[in-house]
Amino acid sequence: MKITCLKKHLKDSISLAEKITNKNLHLPILGSVLISAKNNKPGKIKLTATNLEIGIEINIPAKIEEEGEVAVPAGIINGFLSNFNKADNINLELVNNNLVISAPNTSTLIKSYPIDDFPSLPTIKEENVFSLPVKEFISGLKSVYYGASLSGIKPEISSVYINSSDKTPLVFVATDSFRLAEKKIPYKFKGFSPLIIPYRSIVEIIRIFENKEGDIDIIFDKNQIILIVDNIKFISRLIDGIFPDYKQIIPQKFTTTAVVNKEDLMNILKTASIFSGRLNEVNLIIHKSDNMIEIKTSSQETGEYNTTINSDIIGEDIKISFNYRYIVDCLNYINTDTIVMNFNGPNKPLVITNKNTSDFQYLVMPMNA
Amino acid sequence: MEKEKLWEGVLAEIELNISPANFTTWFQNTNIANKEDGTIFINVPNTFAKEWLFNKYHKLITKALRCLDPNVRSVEYIILPQNSNNLQKNQQSSHKESENQLEFNELYINSEDNLNPRYTFDSFIVGSFNELAYTAAETISKNLGSQYNPLFIYGGTGLGKTHLLQAIGNKLKETNNSAKIRYITSEKFTSDLIESIRSNNIYNFKEKYRQCNLLIIDDIQFFSGKQKTQEEFFHIFNSLYESNRQIVFSCDKPPKHIEGLEERLRSRFEGGMMVDVSKPDFESRLAILKSKLESKNFTLPNETIEYIASVIKDSIRELEGALNIIIGEIKVKNREISIQEIKDILKKNIKPYKTVTINAIIKTIADFYNIEEKFIFGKTRKKEYVTPRQIAMYLLREDFNSSFPYIGKKFGGRDHTTVIYSYEKILNEINKNERLNQEITQIREILYKD
């Protein structure tokens, strides 16, 4: 193998790939990134990394003088490239089965793994491709993924659920059974079947594709999903299960509705959290007659906090408490100035929505009254 | 050769040929799923393993298989995900972590049978007020369809009917894996029926219920006045009953008091075992509070518990609600709270207990029939007084569970057999005499309206 490429391309791609690798005692090669240069793909080299749960393939432009493949420890090559500022162009060469990276006046040798053990990424037979702008797709994921369960006991909810049909827009849902976030984006796909993507893959998908432009192609079958943007191909297993019938949880009618300024509420909740106890409990008391919400916290160690926030209120007065974290979490992902809080009395979920649009809703269960 | 033995042989052969690292990585969690016409289907844990075995070790595997079984012609790989093991058990432990944070219970309800695993016989508190219902429920969970069929449990709201009903289903699920169980509220049944009619799918709807070994219908009183539902249900009922499938109902009143219920259904409801759950007595209320506290890992002074038990008499649900409010208040205030404070809290949060005294009943009936109260207590045998008097006795017995001798004593020292006679007279009369039935309903409305 003998190639020349821009250092920047290699550095950026290796740092994306490194996160996918895995320290595996049985199979140390999973900690490596595979660099392949093939003449059937002229002008491009391919970087591959996988931890057997997810995998990534990145194609970067390069001049190939000699074909070949090498697997090197991702941590080592990433560490080297991020500190190597000398040249713009670098040469990669295979010498005695080790990788030599050279630039004017510099030469580095990185010991490699035998490539025979490097796993091949799964492929998908039926080509069912759905495309949409990658920005929209990532915003859908980001609007809900923090709500997924982290425990792993129920894999189907340690995930993000995605679905669409020719009649219903693409919907993203995540829940950990204490709260639930649902985001709709206006793309309708015929022949789409429900997808359950593991939380850990979602975190990587967001990291990898967050700042990308253009369209994302989504290809999937029962067992895995492939996401492609430009030169990056990401693969993840899917959860083989049934996402809970979440629609039955969403109430259709409410006894109290309060409209508040999002920033104000967020600031108050953050301050209140200083004085909340071990359970992160904040008390909300809604006073219709005064058009305001009273917010209280108290803790034996730190003290007490008591404030009000103006609000347009329809319906009954109510007193209810929440884990403030669960409310703050969703406020970050609402992009309007005002939000609507819908209540149904004690021990019933609070539903938070945008003021004017119905594309996002967030349900959160209160603390036991 | 058996599948397990065959695969063991193959693994032994492969282990000799590849590195231990590769062997553990790729052959973990593999086994032979099936053997069919010379094709061996191998279960693998994920797509990576499938690709890898196929691309890298396919020849080796095929060779090893053929050595042991010459009939093997081809090998296929099937993905069998590993992530659905023992969820049920782990789930319960995770629930305990968050006693104060409420959850969407719906997520834990099994969509096949609609049962919530938290309702079990073990967590049901048995007292004199529900002992019979409990015993009947437990019995049928062991002898499906043979002993009490249908079982009809009735009583006011918040007394644990749903808990009992679901416990039957959960118990059966535990002991018999293959039994088809379905729990549904009568409202859901109706809306499913309407949906199936609209989508021309009524056959599937019927089949779904006819296959059940145990069908549980909660709050059957909402069938009232819904003729089409009653008709469809009647056929499902008959079909289940004839094939000895168990049917269980709950209702807020006995069948004879469900208005707008077809006679043929009423008689079927009454044809099995009817048991009631009544309001818990003071001791039971104490026991319930204590057990709830225990499950929440919280303690309250005895005096406080006794006070709560003494003021909240109507429903277990209310009892639990009150307890939660008090615990919440203690947590917010971070100190113990006095009985006086508890009184204030409960006054604010619990709807006032409507007390209906004997005098109120008598007064209402007297007003209703436009007669003087003293004639109701009196001994006059005039017909215009006798019927109101009998209705008063009937209501005291039926709605307030007063004993016959007590009623007799109140009504000028009459013998309890006289009271029984009056009670039964009205009871029979209601079914025959529509006017009397309506009058009693109206009296009840006046009495119980807030």
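Predicted model: local features only at pLDDT ≥ 70, side-chain atom pairs only at ≥ 80, totals over all residues.
## Two helices meeting in chain B

As for geometry, H8(B) spans residues 202-210 and H9(B) spans residues 227-242, and their axes come within 9 Å. The crossing angle is roughly 40°, and the two helices are therefore oblique to each other. H8(B) passes H9(B) with right-handed sense.

## The nonpolar cores

Now for the cores. The largest nonpolar core has 104 residues, and the members that touch the most others are A:Phe137 and A:Phe209. Helix H6 of chain A (residues 324-331) supplies the largest share of this core, with six residues.

Which residues does A:Phe137 touch, not counting those up to four places away in sequence? They are A:Leu132, A:Ile162, A:Phe172, A:Ile185, A:Ile205, A:Ile216, A:Ile218 and A:Leu227. There is also a second, separate core of 37 residues, with A:Ala71, A:Phe118, B:Phe27 and B:Ala64 among them.

## A glutamate in a loop

Finally, have a look at A:Glu156, found in the loop that runs between helix H3 (134-144) and strand E11 (159-163) of chain A. Is A:Glu156 buried or exposed? Its relative accessible area is 14%, so A:Glu156 is buried, the cut-off being under 20%.

Setting aside neighbours within four places in sequence, A:Glu156 is in contact with A:Ile196, A:Ile239, A:Ile242, A:Phe243 and A:Pro244.

Conventions. Residues numbered from 1 in each chain as written. Chains lettered and ligands numbered in written order. Heavy atoms only, no water. Axes fitted to C-alpha atoms, helices over the stretch in contact; angles between N-to-C directions. Helix = DSSP H or I, 4+ residues; strand = E, 2+ residues; numbered from the N terminus. Parallel < 35°, antiparallel > 145°, perpendicular 65-115°, else oblique. Left-handed = near helix turned anticlockwise from the far one by under 90°. Core = buried A, V, L, I, M, F, W, Y, C linked by side-chain atoms within 4.5 Å. Buried < 20%, exposed > 50% of the residue type's maximum accessible area, 1.4 Å probe, protein only. Contact = heavy atoms within 4.5 Å.
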